[in-house]
Amino acid sequence: MSIIAPGFSQPVEHSQSCFRQVLKALSEPGHIVTLDKHLGFAPLCASATQILMSLCDQHTPLYLSPRLEEIDGDATINQAQRNLTFHCNTKPSALVNADFAVVSHSEGVNMARLKCGTDTSPESGTTLLVQSNGFDCGPEFKLTGPGIEHSRTVQLGNLSQSLVEYLVNSCHTYPLGIDILLCHQQQLLAISRTTKVELIPCM
Amino acid sequence: MQSFNQTFSATEPEQDYNFGYLDEQTKRMIRRAILKGVALPGYQVAFGGREMPMPYGWGTGGIMLSASILGQDDVFKVIDQGADDTTNAVSIRQFFAKVCHLETTTETAKASVIQTRHRIPEQPLRNDQILVFQVPIPEPLRFIEPRETETKKMHSLGEYGSMQVKLYEDIVKYGYIATSYAYPVMVHGRYLMDPSPIPKFDNPKMHQSNALMLFGAGREKRIYCIPPYTDVASLDFEDHPFSIQQWQAPCSLCGSETSFLDEVLIDDQGQRMFVCSDTDYCQGQLAKNAAEEALHG
């Protein structure tokens with residue numbers, strides 16, 4: 001069954017306010033912001049949906065991982081894709097070509113396959129949205145770098161080994177890299193490619 | 001159908017432009033460029049600049065950035081060389097008051113977004129404020145290497161020796177680094193950046209700033225950003241460390257000894273005075289002085 005769900009009730013205002021929240025999150029990595037203008041297209045969570053609706057269009061190939069369906073058993077990824085295509089005109093794409101990609105926190109992602117930019121155009125790296133299972137579980141990380149006054153300690157949920165590995169010991173060298181937006185329900189926490197992430201050993 | 005049109009016109013006041021003048025597609029493209037710019041502090045992200053209803057050189061880059069970030073709740077301030085009351089500042093403020101119907105102010109503390117031409121306000125900015133710079137020439141290496149293909153390569157290799165040589169030539173010629181505005185900086189230890197033609201007096205304010213800083217060049221179609229709490233270092237030499245301008249006398253109006261002063265000719269005999277370039281700061285100091293005087297009789 002294919003039903004198109006409504007998008008933002010006020011597209012201009014809501015996409016602006018969502019963008020400002022994403023801007024706040026990315027310019028201050030580790031700071032949690034709330035996006036509360038839309039409930040989301042299941043199985044995508046509210047914050048991931050709002051980020052895509054405010055930033056994506058026909059110029060941004062989008063990848064939605066089939067593994068997201070495990071989070072919400074009833075909804076299929078095709079349904080979310082259809083809604084996004086209707087509202088933003090984005091085209092589905094393979095992971096390797098995507099400008100925006102959404103994956104599940106438990107998924108093993110081969111990060112080396114994602115676009116990381118080139119030396120002369122590092123901005124063409126993928127923006128990776130990771131749907132997390134909460135910012136109050138999982139290992140603790142210490143973040144330092146631009147946007148962080150001294151340091152910040154955060155929990156990012158139960159991330160897969162490959163995601164943790166990428167955060168702590170990226171396979172890309174700055175300025176190349178992938179910017180990660182972690183989404184949980186209405187919450188968003190970003191890790192920029194400039195952020196230095198250290199795993200705090202368990203006591 | 002007629003009733004629908006009537007309801008529509010009753011609820012929507014006369015509105016000829018989209019909120020913020022730009023269309024949504026353009027805003028999205030600029031917003032994506034801003035986000036990548038934030039992830040790459042100091043790196044110039046190319047974007048599809050649009051024709052604005054004013055000529056290049058009037059701050060179209062800053063205006064496109066402001067139009068993409070401003071919302072209904074923002075309070076907007078515009079300064080031109082520190083002043084709120086000059087032509088450029090007044091016209092841009094009126095433009096946004098017209099196309100966004102938002103509140104404008106001249107007070108630095110009240111503003112949530114400040115668009116600026118060639119100055120950073122004297123009053124320290126807060127973390128919830130955004131500073132938008134108008135940039136004429138974004139490429140710091142442009143006068144050393146005119147070819148864009150080469151400067152792109154120099155940025156990708158971090159090959160910035162020629163800029164050090166330019167500063168060294170200053171020392172050989174004048175005995176000190178004579179560059180006093182658009183003084184080159186290294187951002188996050190990686191990218192060489194032109195801070196737009198702000199006086200070098202303002203360079204230290206960018207280092208570990210509380211506020212997010214966005215730079216927009218309309219003609220050259222480049223956006224670059226400095227997130228808050230980022231290292232911004234002005235280039236210098238061990239034996240010629242970076243230093244800022246100093247003045248012999250305080251501001252003639254408010255007596256401030258710490259602000260950036262403009263030289264103003266006051267008569268045909270060549271008499272001159274030095275006054276704060278930041279008008280809002282100067283007025284604030286004057287009000288403070290008056291209050292103190294009233295208190296002490």
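Author: What follows is a set of questions on how the labels were reached. The model is predicted.

Reader: Why is helix α2 of chain A called largely enclosed by the rest of the structure?

Author: Take residues 46-55. 10 of the 10 are buried, so the helix counts as largely enclosed. Buried has a cut-off: 20 or more other C-beta atoms within 10 Å.

Reader: Which residues touch the most other members of the largest nonpolar core?

Author: A:L52, A:L129, B:M213 and B:L214 do. That core has 115 residues.

Reader: What is A:L129 in contact with, leaving aside its neighbours within four places in sequence?

Author: A:A48 and A:I51, to begin with. A:F100, A:A101, A:V102, A:L181 and A:C183 are also on the list. A contact requires C-beta atoms within 7 Å.

Reader: How do you know that chain A touches chain B?

Author: By the contact criterion, C-beta atoms within 7 Å. 27 residues of chain A are in contact with 29 residues of chain B. Helix α1 (residues 11-27) of chain A gives the most to chain A's side, with 10 residues. By class, that side has 11 nonpolar, seven polar and nine charged residues.

Reader: How many domains does the assignment give chain B, and where are they?

Author: Domain 1 covers 24-233 and domain 2 covers 246-297. Their centres, taken over C-alpha atoms, are 27 Å apart. The contact between them takes 14 residues from domain 1 and seven residues from domain 2. On the domain 1 side, the residues divide into four nonpolar, five polar and five charged.

Reader: Why are β6 and β9 of chain A called edge strands?

Author: The open sheet has three strands in the order β6-β5-β9, with antiparallel pairing. β6 (152-155) and β9 (196-199) each pair on one side only. Neighbouring strands are turned by 35 degrees against each other on average, direction ignored.

Reader: What makes β5 and β9 of chain A a pair?

Author: Pairing needs at least two bridges. Strand β5 (residues 140-144) and β9(A) have four bridges, in the antiparallel sense. Therefore the two strands meet the criterion. In one of these bridges, A:F141 has A:L199 of β9(A) as its partner.

Key
Residues are numbered from 1 along each chain as its sequence is written. Chains are lettered from A and ligands numbered from 1 in the order in which they are written. This is a predicted model: local features need pLDDT of at least 70, side-chain atom pairs count only at pLDDT 80 or more; totals for chains, interfaces and linings use all residues. A residue is buried if 20 or more other C-beta atoms lie within 10 Å of its own, exposed if 12 or fewer, and partly exposed in between; C-beta atoms are placed from the backbone. Domain bounds come from an automatic or database domain assignment. Two residues are in contact if their C-beta atoms, placed from the backbone, lie within 7 Å. Ala, Val, Leu, Ile, Met, Phe, Trp, Tyr, Cys and Pro count as nonpolar, Asp, Glu, Lys and Arg as charged, and the others, Gly among them, as polar. A nonpolar core is a set of buried Ala, Val, Leu, Ile, Met, Phe, Trp, Tyr and Cys residues joined through C-beta atoms within 7 Å. Axes are lines fitted to C-alpha atoms, for helices over the stretch in contact, and angles run from 0 to 180 degrees between N-to-C directions.
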